[in-house]
Amino acid sequence: MSNHNKNHNAARNGLDFAAEDKYWRENHGKASYASNDDNYDDFAPAYRTGYEGRDRFADRRFEEVESDLKTNYESIKGKSRLGWEKAKSAARAAWDRVELALPGDSDNDGK
C-alpha cells in the first residue's frame, strides 16, 4: 500500500476517511450548494479537503486555515471543474461534519 492510500484512509484523530467519502457520496445530492447538474466526482476533492483538513488542523478554525485548504484543494482537485469559491462550501460542510463528531468544540467556533 502506498503512503497516499494509507494517508487517505486513516486519520490522526481516529476519523475513517473512507467512511467520510462514502457518507458524502451518498448525501451529496441533498446539499444546498449542489444542483442537479453537479456530479459527485467534481465535489469529491472538496469534501476530502474538508475532512482531511479538519483532522490536520484539529485545533484551528476553518477561517484561519482557509488559504492552506485552498492550496491543498488546488493540488488534489484533478479533473474537478470546481474553482475554490464553489468547492469551499463542500469543504466547509465536510469540516463541520467532522467537528460535530468530535467531543466538545475543539476549534472554539461554537459548533
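User: Among contacts between residues at least 6 apart in sequence, what share joins residues at least 24 apart?
Analyst: In this chain, 60% of those contacts do. Keep in mind that this is a predicted model.

User: OK. How many helices and strands does the chain have?
Analyst: Five helices and zero strands. Read along the sequence, the pattern is α-α-α-α-α.

User: What percentage of the residues count as buried?
Analyst: The chain has 111 residues, and 42% of them count as buried.

User: And how much accessible surface is there?
Analyst: About 6500 Å² for the chain. Carbon and sulfur atoms own 45% of that.

User: Is the crossing left-handed or right-handed?
Analyst: Helix 4 passes helix 5 in a right-handed crossing.

User: Which residues meet there?
Analyst: From helix 4, you have F62, E63, V65, E66, L69, K70, Y73 and E74. From helix 5, they meet W84, A87, K88, A91, R92 and W95. By class, this contact has eight nonpolar residues, six charged ones and no polar ones.

User: Zoom in on E66. What does E66 touch, leaving aside neighbours within four places in sequence?
Analyst: E66 is in contact with W84 and K88. E66 itself sits in helix 4.

User: How far is E66 from A91?
Analyst: Their C-alpha atoms are separated by 9.8 Å. Along the chain, the two are 25 residues apart.

User: Where is G83?
Analyst: G83 lies in the loop between helix 4 and helix 5.

User: Why does G83 count as partly exposed?
Analyst: Because its relative accessibility is 36%. Partly exposed runs between the buried limit of 20% and the exposed limit of 50%.

User: And how far is G83 from D42?
Analyst: In space, 10.0 Å from C-alpha to C-alpha. In sequence, G83 and D42 are 41 residues apart.

User: New topic: Y40. Which helix is Y40 in?
Analyst: Y40 belongs to helix 3, residues 40-56.

User: Is Y40 buried or exposed?
Analyst: Y40 counts as buried, because its relative accessibility is 10%. The cut-off for buried is under 20%.

User: Which residues is Y40 in contact with, beyond four places in sequence?
Analyst: Those are D21, W24, R25, H28 and Y47.

User: Last one, N27. Where does N27 sit?
Analyst: In helix 2, which spans residues 17-27. N27 has a relative accessibility of 15%, so N27 counts as buried.

User: What does the side chain of N27 reach?
Analyst: The backbone oxygen of Y23, at 2.8 Å.

Definitions and conventions: Residues numbered from 1 in each chain as written. Predicted model: local features only at pLDDT ≥ 70, side-chain atom pairs only at ≥ 80, totals over all residues. Heavy atoms only, no water. Left-handed = near helix turned anticlockwise from the far one by under 90°. Helix = DSSP H or I, 4+ residues; strand = E, 2+ residues; numbered from the N terminus. Contact = heavy atoms within 4.5 Å. Nonpolar A, V, L, I, M, F, W, Y, C, P; charged D, E, K, R; others polar. Buried < 20%, exposed > 50% of the residue type's maximum accessible area, 1.4 Å probe, protein only. Areas by Shrake-Rupley, 256 points an atom, 1.4 Å probe, with all protein chains shown as cover. Polar contact = N/O pair within 3.5 Å; in protein donor to acceptor, adjacent residues only side chain to side chain.
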